[in-house]
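Hi there,

Here is the structure I promised to pass on to you. Have a look at it first, and then read my notes below.

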Amino acid sequence: MKLIRRHLICRALLSTAFGGLLLLLVGQFVDAGTPSLDLIPLDSTELAEDILNLSLRKFEWQVQTPHPLQLKYPYSYPFLLNHPDKGEGPRGAPFLLMLVMTQPQDVGRCQAIWETWGNETLELGVIIRHLFVLGLPPPLFTKELHELLQEEDRKHGDLLQVGFLDTYRNLTLKVLMGLEWMAQYCPDARYVLKVDSDVFLNPSFLVQQVLQPNGPPWPDFITGYIYRNKGPIRSPDHKWYMPPELYLQDIYPPYCAGGGYVLSGPLALRILSVAQILKVIHLEDMFVGLCLQQLGLEPIPPPPGSFLMFPLAYEHCIYHQFALVHGFQPQELLQIWQDFQTVNKICPMP
Ligand SMILES: *[C@@H]1O[C@H](CO)[C@@H](O)[C@H](O)[C@H]1NC(C)=O
Ligand SMILES: *[C@@H]1O[C@H](CO)[C@@H](O)[C@H](O)[C@H]1NC(C)=O
């Protein structure tokens, strides 16, 4: 009995779907046919025009289905782990809000960052807050990682988990949701740092030399390691593949490398609002470049050589002239941090 019912439901569904498809096809045909009805006799140019019309229609149909690398945004992804209080502490809005991009399976890195450059009580004379931004683990690991994440979050209360799958190609969503968090809970942050979890960061250089708390506010400020005249990579297997359907031009606008860039709070909010109307694509740093272009802005060069994109052997004095070095494992951070923090070493003036 049950089986028969299921069979019937299936057939009903199938015939509805089929009927719908048929209607659609007939609709298209009738539509495409209309212009030629009053054009008797039909000559070959008109026929060609008709065919062209029909294929344009098909093309329209195609472009309505988004490319898999175009991300679903804007969309109300939920914050599953959240700490609204990080935005406005008793001492007011932070001078610098760090949004540290982390993957659920890499949450072990948080501890090393927490003990090194993520330490919020370093005496720098300004308020710094950080959040580790992550998405959902791959379905197979959900159960194991859920416990671990909860525990990690109980320790330090600094995980911001957003409800979408955490993949490299969803990174732009992570950054945008980090900015949405800022807009909602921390809109008065003077600066926002977007940073990956595999970097060495020198908060004191970043604050004193790059951001200069005593200088005038600079609402259109964004800096980092700047890429200019970069073009899209068109081989589909590449990590940074860009299909022409999503970006047709040969050159990207200037943008800051994703390992770490810092921008003023007001600009972060403007980028977020531009992102609501642009096609959101998977290469996060380049996407921020597109938003800047839309705003008629460009990144501002940092102090020369202060953002390094490749790891370099540690040396106390040299490292004090960097704001950020990309390509650091947590273990390496812990190894160098104590020496890095030693204050009684004399370095030559740069
Ligand atoms: C953070 O920095 C303060 C001040 O330098 C220090 O006393 C504290 O031990 C550091 N915290 C951690 C977790 O290393
Ligand atoms: C991004 O996340 C969404 C929602 O979880 C998921 O359906 C989609 O497959 C992810 N996209 C990519 C490109 O990883």
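Lysine 86 sits in the loop that runs between β1 (79-81) and β2 (96-101); strands here are DSSP runs of E with at least two residues, numbered from the N terminus. This is a predicted model, in which local features need pLDDT of at least 70 and side-chain atom pairs count only at pLDDT 80 or more, while totals for chains, interfaces and linings use all residues. Residues are numbered from 1 along each chain as its sequence is written, chains are lettered from A and ligands numbered from 1 in the order in which they are written, and side-chain values use heavy atoms, with hydrogens and water left out.

Is lysine 86 buried or exposed? Lysine 86 counts as buried because its relative accessibility is 10%, and buried means under 20% relative accessible area (1.4 Å probe, protein chains only). Its side chain makes a polar contact with the side chain of glutamate 120, at 2.6 Å; such a contact is a pair of N or O atoms within 3.5 Å, and within protein one must be able to donate a hydrogen and the other to accept it, with residues adjacent in sequence counting only if both atoms are side-chain atoms.

Now to ligand 2. Around it are Phe164, Leu165, Thr167, Arg169 and Asn170, each with a heavy atom within 4 Å of the ligand. An oxygen atom of ligand 2 lies 2.6 Å from a polar side-chain atom of threonine 167, and an oxygen atom of ligand 2 is 2.9 Å from a polar backbone atom of leucine 165.

Happy exploring!

Key:
Helix = DSSP H or I, 4+ residues; strand = E, 2+ residues; numbered from the N terminus. Buried < 20%, exposed > 50% of the residue type's maximum accessible area, 1.4 Å probe, protein only.
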